[in-house]
Each structure stands twice: as structure tokens, then as C-alpha cells.
Amino acid sequence: TGETGTGKELFARTIHANSARAAKPFVVVDCAALTENLVESILFGHRKGAFTSAFSDSVGLVKTADRGALFLDEVGEMPLSIQRAFLRVLQERRFRPVGETREVTSDFRLISATNRDLSAMVEEERFRKDLLFRLKTVEIHIPALRERPEDLRPLCISHVGRLCERYKIPLKGFAADFFTVLE
């Protein structure tokens, strides 16, 4: 959890990169960008001809993450209508693509992120309590950068170093008061 821009996805990628699943896919699902009429197809895939614009089979993001990690970004934006289906996927590791008669499986590590108060959303009946229970196995709150000024120096040095390397220019330094001004 954490405010927008705190680095939740970067943190999730770091968890994945340091896991036994690191060589497998890290699949990002932007729940805020999911349209309610296509969300099942995007997550679970579909068979050719399952609906008007299904011109070919689609694996879906959940299956793409098989043996890797599935990162649900802004999970609080997931439509209520899909939360129930997704809960079943978490419990059973099985799902049925749109237009398919058989279920398929996917073994993935789930990492989710939100800037919302999901507990409050449960109270307002805008988020499923049972899904929240499944998501909160391990909760990590990432504070905003303004709350951790000690991270400014290493972040700046790292980013400037990467830019200098990318553009093949000599490593740059910082003015004496640069970090004081940033803080």
C-alpha cells in the first residue's frame, strides 16, 4: 500500500526479481484500466469466436503469469463483478476462459498494490471482504518519499548514473546544496 508514485510496482518487481520465480514472467494488470465488459477476457483469456471481436484465441494475463508473478496494480479499482471470479482463481488456481468449456490452471505468485483504504471500501460494500482477506497475507506499506528524505541521495545518484551510462557521458556530480534543497 502507499500513495501514488511511492514505488509500489518497483517494490513488486524487486520481490519478483529476488524470488525463485525470477526467470518466469512478471505480468502487470492495471486494474484501473480494465473495462468492465472486457475484464474477463483480458484476465482469463478467450476462445476464438467467443464474442464479436474475438478473432483469435487469447491466453489471458492470469495464464501468462503461470509459474511467475501476477501484479495487480490499483487492485481497489477492480470491478466488483470480477472480484468474485478472481477470488475463485486465488483459491483454486483454476479458471475458465471466455467461450471455453474446460478449466485451465495457473500457478502464480500474486502481488497487489493500492493507494486506497480497502478496509473502508469493504465497509462501503465496494470491495469484497473475502478477497481482501486473501490479499492481506503480507502487507507492506511504502511511505511517500517526503517521509523518507534519507532515500533522496541514493535515488538521485542511481538515476543520474543510469542516465550517464545510457547516453555515454561522464558521470555527473551534484551541487553542494542540491540535496538540502530537495529535502
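Predicted model: local features only at pLDDT ≥ 70, side-chain atom pairs only at ≥ 80, totals over all residues.

I begin with the largest pocket, which has a volume of about 740 Å³. A pocket here is an open set of points on a 1 Å grid over the protein atoms alone, with protein on both sides within 12 Å along at least five of seven lines; a 1.4 Å probe is used, and lining residues have an atom within 4 Å of a point. Grid points are joined across faces, edges and corners, and a volume is the space filled by probe spheres set on the points.

Residues are numbered from 1 along each chain as its sequence is written, and side-chain values use heavy atoms, with hydrogens and water left out.

The lining of the largest pocket comprises 29 residues, and L110, I111, S112, L135 and V138 lie nearest its centre. Two or more lining residues come from each of α1 (8-17), β5, α5 (118-123) and α6 (129-135). Helices (H or I, at least four residues) and strands (E, at least two) are DSSP runs, numbered from the N terminus. By class, this lining holds 16 nonpolar, 5 polar and 8 charged residues. Asp, Glu, Lys and Arg count as charged; Ala, Val, Leu, Ile, Met, Phe, Trp, Tyr, Cys and Pro as nonpolar; and the others, Gly among them, as polar.

The second largest pocket contains about 170 Å³ of space. Its lining includes G5, T6, L10, R148 and D151, and divides into 4 nonpolar, 3 polar and 2 charged residues.

I turn now to the sheet. Three strands form an open sheet in the order β1-β2-β5, with parallel pairing; two strands pair if DSSP finds at least two bridges between them. Because β1 (26-30) and β5 (109-112) are at the edges with a single partner strand each, one side of each has no neighbour in the sheet. Between β1 and β2 (residues 69-73) there are 5 bridges, and V27 stands opposite L70 in β2.

Finally, which residues does L61 touch? L61 belongs to helix α3 (residues 61-64). Leaving aside residues up to four places away in sequence, L61 touches V27, V28, V29, I42, L43 and L70, where contact means heavy atoms within 4.5 Å. L61 and V29 are 32 residues apart in sequence, yet 7.5 Å apart in space, C-alpha to C-alpha.
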